[in-house]
Amino acid sequence: MWSKRDKGGARDRVDASEVSDYSQRMQTFDSSQGTERAVPAEDVAAFRRFNRYLTRRIGALDEHYLGQDRPLGEARLLFEIGDGASLRELRTRLGLDAGYLTRMTKTLQAQGMVRVEVPAHDNRLRIVELTPAGRAEVAEQHRRSDALVAGLLHGLTPAQRTELTDAMATAQRLLRLAGITVEVVDGAAADARACLDAYAADIGARFPEGFDKAALVRPEEVTGDAGAFLVAYEERRPVGCGALRRLAPGVGEIRHVWVHSAARRLGLARRLLDGLERQARARGLTAVRLDTHAVLTEAQAMYRACGYDEIPRYDDNVYAAHWFEKRLAG
């Protein structure tokens, strides 16, 4: 396989790791959706059509992005470096192959835009910082970007601009949600316990009486045939969780549905709830129950909206004030 021509007309081979990395991301995305959620071809076509229009309209295809002497990829990397960042952090943030990122960084370094340092405390890290020339270019990049966007929006009325910015906010929210993967993990896994620790800290701060971590589910209750533990990942970082355990014959209990503050208002809690219900069906359960604290009014509203009916107390949870049940369709 070959990449596009460089400025001198030569071609560079595409690193096999870049292809492998891309293929792995695509495979992970596809497998996370499941066969129940096949995307209609017309939706795919509409998304691609908008992408083609937007990339052309903002000049993303131009080798001299914003009229500067570099393509969009290098310009974006300069922006992301900001006040300094490690190559590891930049790779995670931008989703780039390590080899490709290193080559771009070396190009910027040769041009005097960045410098790369090895911190004294960890010689495995490579910290990238902007030089004075790099900071000047980023400042000019901001000026030109603002001018480009102002020109694009100039032909719209204030109401139309509001409509457009609202639509972009919705698109960003939904694309973030679409990019989050939900995985079944062992109840004793580090990510599972870290999510539960964060959950306990969150509700401990909200409950007037605090929260005792002894009330958290035990790993063996939510692993294998006994139950399931789901962790939501955004850009490889855990941002949410939920647990399912068996309560009685044919009945499961959902526990500890939690979303990190940075990932709230995306619809992730409902997605976790739906995933736990599917895990319950897969185990032959015909109903799921859950309880919640009196102060968690937003959770109560979500459960009711998702088809849960309030029922009498079914457990001795000292933190519970409301109890719910949902019958699961086959």
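This is a predicted model: local features need pLDDT of at least 70, side-chain atom pairs count only at pLDDT 80 or more; totals for chains, interfaces and linings use all residues.
Strands β7 and β8 make a hairpin in which two residues separate them, and Glu 235, in the turn, has a positive phi of about 50 degrees.

Strand β7 covers residues 227-234 and strand β8 covers residues 237-248; they run antiparallel and are joined by eight bridges. One of the pairs places Ala 228 with Leu 244, its bridge partner in β8. In general, strands of a sheet pair through backbone hydrogen bonds, and the pairing is either parallel or antiparallel.

Strand β8 also has β9 as a partner, again in the antiparallel sense, over seven bridges. Here Ala 248 is opposite Val 251, a residue of β9. β8 and β9 form a hairpin too, with two residues between the strands, and Gly 250 takes a positive phi near 80 degrees there.

Strand β9 leads on to a pocket. Two or more lining residues come from each of α8 (190-206), β9 (251-259), α9 (268-282), β10 (287-292) and α10 (297-305). By type, the lining of the second largest pocket holds 21 nonpolar residues, eight charged ones and five polar ones.

Three strands, in the order β3-β5-β4, form an open sheet with antiparallel pairing. Why does one side of β3 and of β4 lack a neighbour in the sheet? β3 (85-86) and β4 (114-117) are at the edges and each has a single partner strand, so one side of each is left without a neighbour. The pairing of β4 with strand β5, residues 127-130, is antiparallel and consists of four bridges. Within that pairing, Glu 117 has Ile 127 of β5 as its bridge partner. As a general point, side chains in a regular strand alternate between the two faces of the sheet.

Phe 50, Tyr 53 and Leu 54 make a nonpolar surface patch of about 290 Å². Of these residues, Phe 50 is found in helix α2, which covers residues 41-57.

Technical notes. Residues are numbered from 1 along each chain as its sequence is written. Side-chain values use heavy atoms; hydrogens and water are left out. Patches are made of residues with over 30% relative accessible area and no salt bridge: like charges are joined within 9 Å, nonpolar side chains (Val, Leu, Ile, Met, Phe, Trp, Tyr) within 5 Å. Accessible areas come from the Shrake-Rupley method with a 1.4 Å probe; for residues, only the protein chains shown count as cover. A salt bridge is a side-chain nitrogen of Lys or Arg within 4 Å of a carboxyl oxygen of Asp or Glu. Ala, Val, Leu, Ile, Met, Phe, Trp, Tyr, Cys and Pro count as nonpolar, Asp, Glu, Lys and Arg as charged, and the others, Gly among them, as polar. Two strands pair if DSSP finds at least two bridges between them.
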